[in-house]
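Subject: Structure handover

Hello,

Here is the structure we talked about. Please open it next to this email; my notes follow below.

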Amino acid sequence: WSNVVRWEFKDPTPFLRTREFLWQEGHTAHASHEDADVMVMQALDLYRRVYEELLAIPVIPGYKTEKEKFAGGHRTTTVEAYIPVSGRAIQGATSHDLGQNFGRMFDINYQDEKGETQVAWQTSWGLTTRTIGVMVMVHGDDTGLILPPKIAPLQCVIVPIVSKNFPLETALPYCKDILKSLEEKNIRSKLDDRTIYNPGWKYAHWEQKGVPIRIEVGPRDLENRQARLVVRFGGEKIDVGVDSLASDVEARLEEIQSNMFAKAKEFRDSHLVQVTEWKDFVPNLELHNLVLTPWCGGEHQDWEEWVKEKSREESLQNLGQEGEDDRAATSVAAKTLCIPFKQPELPEGTKCIASGLPATCWVMWGRSY
């Protein structure tokens, strides 16, 4: 990880586009374009897995258009995420096929098996702490964070419900036994035995921090050798016997992770639409949708710019506004997000939504951060 500071930045967006951030970046050099392309796809798939398998965020992998690709590179690939609360897309990570352009510029050469000097084929790929902001916005609610169990620093917190009739001294041995059983399962757990806060305050505190499971222990739980599990995602409450509690928590964490991804994907998919006529384009943006349209090819930068300006004009007209503030961190204009790897069927004779030229692919548009 490297620390990056953007001094030229004027209007940062917390977590998403900040003046200072951490950046994981990799560079490789290869003897052939084919090997470089394999590296590009391996890096991109690694980033996809970070989002989908760890952060429980569905992403759409694809190619950037010529207008949106990394300047000077041969081709850029990306994973694009969707923010439910705003209906905006956000670039999750990129992996670039740099070709030989930078090798020629900076004399990045190697000696091949014949002893001849060749220009290296290069790649670069990167991921930033923007991932944290994406996770917060995709899963969080008005109460606070909701953390996927796989990346939660604390997966489970035990809160004894103390009172005059059930003092902490009585609850502690039972709670510590529960904590030990959880730690034996490698579940990241904590016993909140602070005496300066009441149970209600602790509930709110740990809910705000997004801890996946809270375990409540009261006098009846001790009497019945059980505990109550409260799930942060969805709010489910379950009474579980103490003998099987650690195993039940372990299974529940896996279920929470899966359910968080499924919910995010279902919502994203419900806002991914296909549009083949311009009249339907901006209305679908207003519905917070990602829009797939037939396209005449990523090289048509002029028509890409036309869509951006036309969608801005129509959106502002709908809002009754004359223009956008130059300091606005987000625009009402649409931009190309990617040409998805997985392409819907494109019927023969389909026309590009902007130019009217024969369409060669589907491209995904949206309002973006």
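Cys 156 stands opposite Ser 189 in S10. Two sentences on conventions before going on. This is a predicted model, in which local features need pLDDT of at least 70 and side-chain atom pairs count only at pLDDT 80 or more, while totals for chains, interfaces and linings use all residues. Residues are numbered from 1 along each chain as its sequence is written, and side-chain values use heavy atoms, with hydrogens and water left out.

Helices (H or I, at least four residues) and strands (E, at least two) are DSSP runs, numbered from the N terminus. S9 and strand S10 (residues 189-191) pair in the parallel sense over three bridges. Two strands count as paired if DSSP finds at least two bridges between them.

S9 is mostly covered, with five of its five residues buried. Buried means under 20% relative accessible area, exposed means over 50%, and partly exposed lies in between (1.4 Å probe, protein chains only). Cys 156, Ile 158 and Pro 160 point one way from S9. Val 157 and Val 159 point the other way.

**Nonpolar cores**

In soluble globular proteins, nonpolar side chains tend to be buried together. A nonpolar core here is a set of buried Ala, Val, Leu, Ile, Met, Phe, Trp, Tyr and Cys residues joined through side-chain atoms within 4.5 Å. The largest one has 31 residues. Those with the most contacts inside it are Ile 158, Ile 178, Leu 182, Ile 215, Leu 245 and Val 249. Two or more residues each come from strand S9 (156-160), helix H4 (168-184), strand S11 (213-217), S12, strand S13 (237-241) and helix H7 (245-270). H4 gives the most, with eight residues.

Take Ile 178. Leaving aside neighbours within four places in sequence, Ile 178 is in contact (heavy atoms within 4.5 Å) with Ile 158, Ile 215, Val 217, Ala 227, Val 242 and Leu 245. A second, separate core of 22 residues includes Leu 44, Ile 90, Ala 93 and Leu 147.

**The open sheet**

In what order do the 10 strands of the open sheet run? The order is S1-S2-S8-S5-S4-S3-S16-S17-S15-S14, with mixed pairing. Strand S1 (2-5) and strand S14 (272-274) stand at the edges. Each has a single partner strand, so one side of each is left without a neighbour in the sheet. The twist averages 35° from one strand to the next. Axes are lines fitted to C-alpha atoms, for helices over the stretch in contact, and angles run from 0 to 180 degrees between N-to-C directions.

Leu 272 stands opposite Leu 290 in S15.

**Helices on the sheet**

Helix H3 (residues 130-139) packs on the sheet and touches strand S4 (75-83), strand S5 (88-99) and S8. The direction of H3 makes about 30° with that of S4. Seven of the 10 residues of H3 are buried. These are Arg 130, Thr 131, Gly 133, Val 134, Met 135, Val 138 and His 139. Their cover includes H1, S4, S5, S8 and H7.

Helix H9 (residues 301-319) lies across S15, strand S16 (335-340) and strand S17 (361-366). H9 runs at about 145° to S15.

**Single residues to look at**

Ser 124 is in strand S8 (residues 121-128). Its relative accessibility is 6%, so Ser 124 counts as buried. Not counting residues up to four places away in sequence, Ser 124 touches Gly 26, His 27, Ser 95, His 96 and Leu 98.

Ala 56 is not a glycine, yet has a positive phi of about 60°. Ala 56 is found in the loop between helix H1 (33-54) and strand S3 (60-63). Is Ala 56 buried or exposed? Ala 56 counts as buried because its relative accessibility is 0%.

Arg 225 also has a positive phi, of about 50°, although it is not a glycine. Arg 225 lies in the loop between helix H6 (219-224) and strand S12 (226-231). At 45% relative accessibility, Arg 225 counts as partly exposed.

Best wishes
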